[in-house]
Amino acid sequence: MHLGVIAFLSLYPALHAVLTSSVLGAEAVAVLPDIETMTAVLYFGLFAMSFDFISGYTGYLSFGHAAFYGTGAYFVVLAANGTIPFVPSGTPFMVLLILAGMCALVLALLIGGVSFRLSGVYFAMITLGFSQVLYVFVRGWRYVGSNPRDGVFVTGRSDGFEIGVPFIDQLTVAIGQLTGDEVNGFLGIISLSATEVTYYAIGFVVLLCYFSMQRILNSPFGRIMVAIRENEARTRAIGYDTFRYKLAAFAISGFFAGIAGALFAGVRRSVSPDNSLFFLVTGDALLASILGGFGTLAGPLYGRLFDESVREFLSTGGTGGGLLPYLRGHLPTSVLDADLFGVTVRAAVETFLNGHASLYLGLLFVLFVLYVPNGLLGTIQKRSEGTVTSWLMGWVERRR
């Protein structure tokens, strides 16, 4: 199944281009997320996966996970502006990614060292408290910029951040809509815009991080994480120091959250407290995990894709289209002016669709909690009694 999703995401720009230029182009523009939105899905999906790594596999909800996301984002922007000691502004982006992840890892060790002395809702609250302290501190910290409340922009370098092998220009591509690379005539047939190159470059890093987390979860260390979630007292009774395992898992989770934040800053070339450190950023990761499925690792990425797709479909405008602009532009005037129980269709469309995306998303969230409690991927896995891959392997074994 994952291979199918990877293939779909790899071909998405081509499918999007074909469908939006076909006879159903207007309908495709209204329904399909654009490439820029898909890029955001990838890096925030990585953050949601890091959230699920600790919350879904050890059972400890980290409500302050935005602290690590914001740390990675701020590190990249400040390093690019040359304001971090011993880190020149021209440091390769791949090195900045690792350093951003390490900073988030150290912060996770400090927060986790205190927070894991508690459990349950108390753990969730203390991590939220640490995150909010960092949020308020950065909003007033003049070191990050002249107006820290509004955020900070990359001013120390005009070139794009490059993803690839550091110090080898032929193996790197710059990301960003305005500063990124374009590809023209690769292998004689492939041409990509700067947005599409950014999409693939971010996707490569996210895929690498996903396989790394998946490998950790399938190791004995990952099995102990699951054992802690199922019964921590019994895990401790058979000789495991659960505190160290939880702290290590929290640090690994913080590392990948920092990587996600660094990717976010690399694409946006800016960061602010509200879009990186605020507790609602963690809330979005929680929402993606619930929609996709707790304890599935890849599920939060699907959940974020579902969330962004529905949100863009119900948006009032933007480059990604949406239902409201489609109805405004394609319904005949006679239909828009028709009477519908005392109001015109035009007025009904504006009343029910204009600015109510969050309301419908909230209703969808309630329906998911009630009727799809295992999330999208969790439900599929449960229906197939495990992963599709394991089901296929069993099917092959039975026919030998």
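Here is a short tour, one selection at a time.

Keep in mind that this is a predicted model: local features need pLDDT of at least 70, side-chain atom pairs count only at pLDDT 80 or more, and totals for chains, interfaces and linings use all residues. Numbering starts from 1 along each chain as its sequence is written, and side-chain values use heavy atoms, with hydrogens and water left out.

Start with the largest nonpolar core, which has 87 residues; such a core is a set of buried Ala, Val, Leu, Ile, Met, Phe, Trp, Tyr and Cys residues joined through side-chain atoms within 4.5 Å. Buried means under 20% relative accessible area (1.4 Å probe, protein chains only). Helix H9 (residues 242-268) gives the most to the core, with 14 residues; helices here are DSSP runs of H or I, at least four residues, numbered from the N terminus.

Now zoom in on Leu46. Beyond its neighbours within four places in sequence, Leu46 is in contact (heavy atoms within 4.5 Å) with residues including Phe256, Ile259, Ala260 and Leu263.

Next, select H8 (residues 220-237) together with H9. Phe221, Ile224 and Met225 are among the H8 residues at this contact, and Tyr245, Ala248 and Ile252 are among those in H9.

Last stop: Asp307, in helix H12 (residues 299-313). Is Asp307 buried or exposed? Asp307 is buried, at a relative accessible area of 2%. Show Leu287, Leu291 and Leu361 too: Asp307 touches these, not counting residues up to four places away in sequence.

Note on methods
Helices (H or I, at least four residues) and strands (E, at least two) are DSSP runs, numbered from the N terminus. Buried means under 20% relative accessible area, exposed over 50%, partly exposed in between (1.4 Å probe, protein chains only). Axes are lines fitted to C-alpha atoms, for helices over the stretch in contact, and angles run from 0 to 180 degrees between N-to-C directions.
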